[in-house]
Amino acid sequence: MSATTLADVRAFVAQLPSPQAIAAVQEACAQQLLTLDRAARPVIAPGRHAKITGIRPVFLGGLTGTVQEPNKTATRWQFLLDEDSTRALRRDPRNTKFTVPDNVTRYRIPGKGIPAGCLELLDA
């Protein structure tokens, strides 16, 4: 059995009889692209250990903790800092945005959540 080449696929598409048939091929291609894209990216999910990167305000960068629940589109995630990062945020002189009470050991960052692109997963 020989492997199908790109030239074979193009010849097949060229002989399709209708726009509907071509649209079906396009849909299959789009679905495969989504599948490949998902496989190339780590899956962000509640409970994953992560580090915040590339974010403003910059004092949040480098803090670590646990990913919580997503927003409706999973583009932003609530985030619970671990104990070391909670202490670091409390003591950071650049932090004028968040008030971390002294009796809190793990601080949940309030607001809309951390953008998914700013979460670097640390657990493999």
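This is a predicted model: local features need pLDDT of at least 70, side-chain atom pairs count only at pLDDT 80 or more; totals for chains, interfaces and linings use all residues.
**Overall architecture**

The protein contains three helices and five strands. Read from the N terminus, these elements follow the order α-α-β-β-β-α-β-β. The radius of gyration of the protein is 22 Å, well over the 14 Å given by the globule rule for 124 residues, so the protein is more spread out than a compact globule. The C-alpha trace spans about 70 × 30 × 20 Å along its principal axes.

Of the 124 residues, 27% are buried. Among contacts with a separation of 6 or more, 52% are made by residues 24 or more positions apart. The accessible surface amounts to about 8600 Å², and carbon and sulfur atoms account for 58% of that surface. The protein carries 16 positive and 11 negative side chains, and the centres of these two sets are 6 Å apart.

**Backbone features**

Most residues other than glycine have a negative phi, and most peptide bonds are trans.

**Salt bridges**

Side chains of opposite charge can pair when their charged atoms come close.

| Salt bridge | Closest N and O atoms |
|---|---|
| Glu69 – Arg108 | 2.1 Å |
| Asp84 – Arg87 | 2.4 Å |
| Arg90 – Asp102 | 3.8 Å |

Glu69 forms a salt bridge with Arg108. This pair links distant parts of the chain, with Glu69 in strand β2 and Arg108 in strand β4 (residues 108–115), 39 residues apart. Glu69 is partly exposed, at 35% relative accessibility, and Arg108 is likewise partly exposed, at 36%.

Asp84 and Arg87 are both located in helix α3 (residues 83–91), three residues apart, which is about one turn of the helix. Asp84 is exposed at 54% relative accessibility, whereas Arg87 is partly exposed at 31%.

Arg90 forms a salt bridge with Asp102. Because Arg90 lies in helix α3 and Asp102 in the loop between α3 and β4, this pair ties together parts that are 12 residues apart in sequence. Arg90 is partly exposed, with 24% relative accessibility, while Asp102 is exposed, with 72%.

Key: Residues are numbered from 1 along each chain as its sequence is written. Side-chain values use heavy atoms; hydrogens and water are left out. Helices (H or I, at least four residues) and strands (E, at least two) are DSSP runs, numbered from the N terminus. The radius of gyration is taken over C-alpha atoms; the globule rule is 2.2 Å times the number of residues to the power 0.38. Buried means under 20% relative accessible area, exposed over 50%, partly exposed in between (1.4 Å probe, protein chains only). Contact means heavy atoms within 4.5 Å. Accessible areas come from the Shrake-Rupley method with a 1.4 Å probe; for residues, only the protein chains shown count as cover. Lys and Arg count as positive and Asp and Glu as negative; His and the chain ends are not counted. The place of a charge is taken as NZ of Lys, CZ of Arg, CG of Asp or CD of Glu. A salt bridge is a side-chain nitrogen of Lys or Arg within 4 Å of a carboxyl oxygen of Asp or Glu.
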